[in-house]
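Please open the structure in your viewer and keep the selection panel at hand. The stops below are meant to be followed in order.

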Amino acid sequence: MAKKVYITCAVTGSSPMPDHPNFPFRPDHVAAEALAAAEAGASIIHVHVRDGKTGEPSQALDDYREVVGLIREKNREVILNVTTGPGCTWMQSEEDPKVCGEGTLMFTAERRLEHILDLKPDMCTLDICTMQLWGGVAINLDPMITRMGHMIQDAGVMPEIECFEAGDFVFADDLMAKGAIPRNVPFSFVLGTKYGLPATPEAMMYAANQIPRGAAFTGFGVSRHSYPMAAQSVLLGGHVRVGFEDTIWLRKGQLAPDNAAHVRWAVDLIDRMGAEVSSAGETRDLLGLANHAYA
């Protein structure tokens with residue numbers, strides 16, 4: 001078990017908005033939730049943005065600029081891990097299966113990374129799965145991910161590799177072998193999606209055994225699996241992710257009032273398991289981000 005455990009808080013995500021009176025979607029609210037989560041003990045904030053009027057997921061550069069700017073005005077130490085997930089969703093047409101259907105969102109590497117190259121955050125997620133997801137198919141093929149990996153590194157940003165299923169680990173090995181992702185890259189294991197790795201101790205242990213020895217990882221579960229998988233991750237030497245992107249519930253029947261409440265539960269879980277919560281500075285040292293220069 002790791003002696004120091006860092007907490008990532010994913011404050012809003014890109015799924016349809018749940019029925020929650022305090023779910024953040026306006027830029028000022030997303031930033032406020034991020035700052036409160038950092039104050040509660042999160043070292044890393046995972047950033048998605050939404051349309052401030054409708055709450056729909058946004059890919060607008062100005063929305064990213066606003067949210068990141070609002071956070072950095074108040075806190076320059078917390079690590080910002082910005083998504084690059086939007087732009088890989090393919091939906092099949094009912095009329096012609098070889099044609100994309102309504103809801104398809106496929107971007108070039110340059111478009112998927114527009115906000116990363118502009119803002120140069122500390123980190124960004126890099127989804128490498130190709131699988132059934134979100135009612136369609138997430139497509140992340142080798143040429144695209146190789147190009148994105150090199151572009152992210154050239155920008156001085158640390159990628160975090162998101163693995164959804166078993167084959168992703170083989171893909172990550174190949175990417176690492178050709179320099180498309182760095183040798184010291186951290187991983188996250190997404191457990192509990194319908195067609196991905198199940199949210200079980202066996203799957204978490206399998207995932208932890210597939211990555212390079214000593215690599216930092218965060219194992220997390222979606223929905224009701226959030227806290228059981230957080231505990232399992234700590235037991236295996238990993239780190240913790242919580243937040244409204246993954247679940248609005250603390251436990252069955254108990255809504256989390258905000259993202260900071262999730263972080264406080266994570267702090268308590270880590271403490272009760274005999275580990276210590278890593279500060280943002282300690283997490284920077286662990287991930288090799290200590291000398292990152294802000295724009």
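Begin by selecting helix 8 (residues 226-235) and helix 9 (residues 259-272), which pack at an angle of about 40° with their axes 11 Å apart. The model is a predicted one, in which local features need pLDDT of at least 70 and side-chain atom pairs count only at pLDDT 80 or more, while totals for chains, interfaces and linings use all residues. Residues are numbered from 1 along each chain as its sequence is written, and side-chain values use heavy atoms, with hydrogens and water left out.

Helices (H or I, at least four residues) and strands (E, at least two) are DSSP runs, numbered from the N terminus. Axes are lines fitted to C-alpha atoms, for helices over the stretch in contact, and angles run from 0 to 180 degrees between N-to-C directions. Angles under 35 degrees count as roughly parallel, over 145 as roughly antiparallel, 65 to 115 as roughly perpendicular and the rest as oblique; helix 8 and helix 9 are therefore oblique to each other.

Next, show the side chains at this contact (heavy atoms within 4.5 Å). Y227, A230, A231 and V234 of helix 8 meet H262, W265, A266, L269 and I270 of helix 9. By class, eight of these residues are nonpolar, one is polar and none is charged (Ala, Val, Leu, Ile, Met, Phe, Trp, Tyr, Cys and Pro count as nonpolar, Asp, Glu, Lys and Arg as charged, and the others, Gly among them, as polar).

Eight strands form an open sheet in the order 12-11-10-7-4-3-2-13, with parallel pairing (two strands pair if DSSP finds at least two bridges between them). Strand 12 (217-221) and strand 13 (240-242) stand at the edges with a single partner strand each, so one side of each has no neighbour in the sheet. From one strand to the next, the twist averages 25°.

Select strand 2 (residues 7-10). I7 and C9 point one way and T8 and A10 the other way, and all are buried (under 20% relative accessible area, with exposed over 50% and partly exposed in between; 1.4 Å probe, protein chains only). Three bridges join strand 2 to strand 13 in parallel, where V240 is the bridge partner of I7. Strand 2 also pairs with strand 3 in the parallel sense over three bridges, and C9 stands opposite I45.

Finally, return to helix 8, which lies across strand 11, strand 12 and strand 13 and runs at about 155° to strand 12.
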